[in-house]
Amino acid sequence: MNPYELMMLFDPALGDEKISVIAAKVEDKIKGFGGEITKIDKWGVRRLASMLGNAPKLHSAYYILVLFNSATNLPAQLQKVLKVEENIIRFAIIRAEEKKA
């Protein structure tokens, strides 16, 4: 299993409750695809460094970072699910470096 990082950006107008529900669905998908979540870090609302093409009026976003371990095929499956979720403004899945002991 490889370590991965998933960063998701949400419109802050959705509210904490709806963002938490969507994040829980994503967590369930990761577990359903055979992944293991190691950490969930809710960064809260932060200012965007630049304008986003699909949401030009947003100046800030709600950030959630999910660290998980999975097989190499899970990120592609997860990406298909995240593309369909209309409330996620932007997301990125990257393979994290393994921590050396």
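Biologist: What volume does the largest pocket have?

Modeller: Bear in mind that this is a predicted model, where local features need pLDDT of at least 70, side-chain atom pairs count only at pLDDT 80 or more, and totals for chains, interfaces and linings use all residues. Residues are numbered from 1 along each chain as its sequence is written, and side-chain values use heavy atoms, with hydrogens and water left out. On a 1 Å grid over the protein atoms alone, a pocket is an open set of points where a 1.4 Å probe fits, with protein on both sides within 12 Å along at least five of seven lines. Counting the space filled by probe spheres set on the points, the largest pocket comes to about 200 Å³.

Biologist: Which elements give two or more residues to the lining of the largest pocket?

Modeller: Lining residues have an atom within 4 Å of a point, and here they include Tyr 4, Phe 68 and Lys 99. Strands are DSSP runs of E, at least two residues long, and helices are runs of H or I, at least four, numbered from the N terminus. The elements you want are strand 1 (2-10) and strand 3 (60-70).

Biologist: In what order do the four strands sit in the sheet?

Modeller: Two strands pair if DSSP finds at least two bridges between them; strand 2 and strand 3 are joined by ten. The edge strands, each pairing on one side only, are strand 2 (36-47) and strand 4 (88-95). The sheet is open and its pairing antiparallel, in the order 2-3-1-4.

Biologist: Which strands does helix 1 touch?

Modeller: Contact means heavy atoms within 4.5 Å. Helix 1 (residues 16-32) packs on the sheet, and by that test it touches strand 1, strand 2, strand 3 and strand 4.

Biologist: Is Thr 72 buried or exposed?

Modeller: Thr 72 is in the loop between strand 3 and helix 2, and it touches Asn 2 and Tyr 4, not counting residues up to four places away in sequence. Buried means under 20% relative accessible area, exposed over 50% and partly exposed in between, using a 1.4 Å probe and protein chains only. Because its relative accessible area is 59%, Thr 72 counts as exposed.

Biologist: What is the relative accessible area of Ala 71?

Modeller: Ala 71 is also found in the loop between strand 3 and helix 2. Leaving aside neighbours within four places in sequence, Ala 71 is in contact with Met 1 and Tyr 4. Ala 71 is classed as partly exposed because its relative accessible area is 40%.

Methods. Axes are lines fitted to C-alpha atoms, for helices over the stretch in contact, and angles run from 0 to 180 degrees between N-to-C directions.
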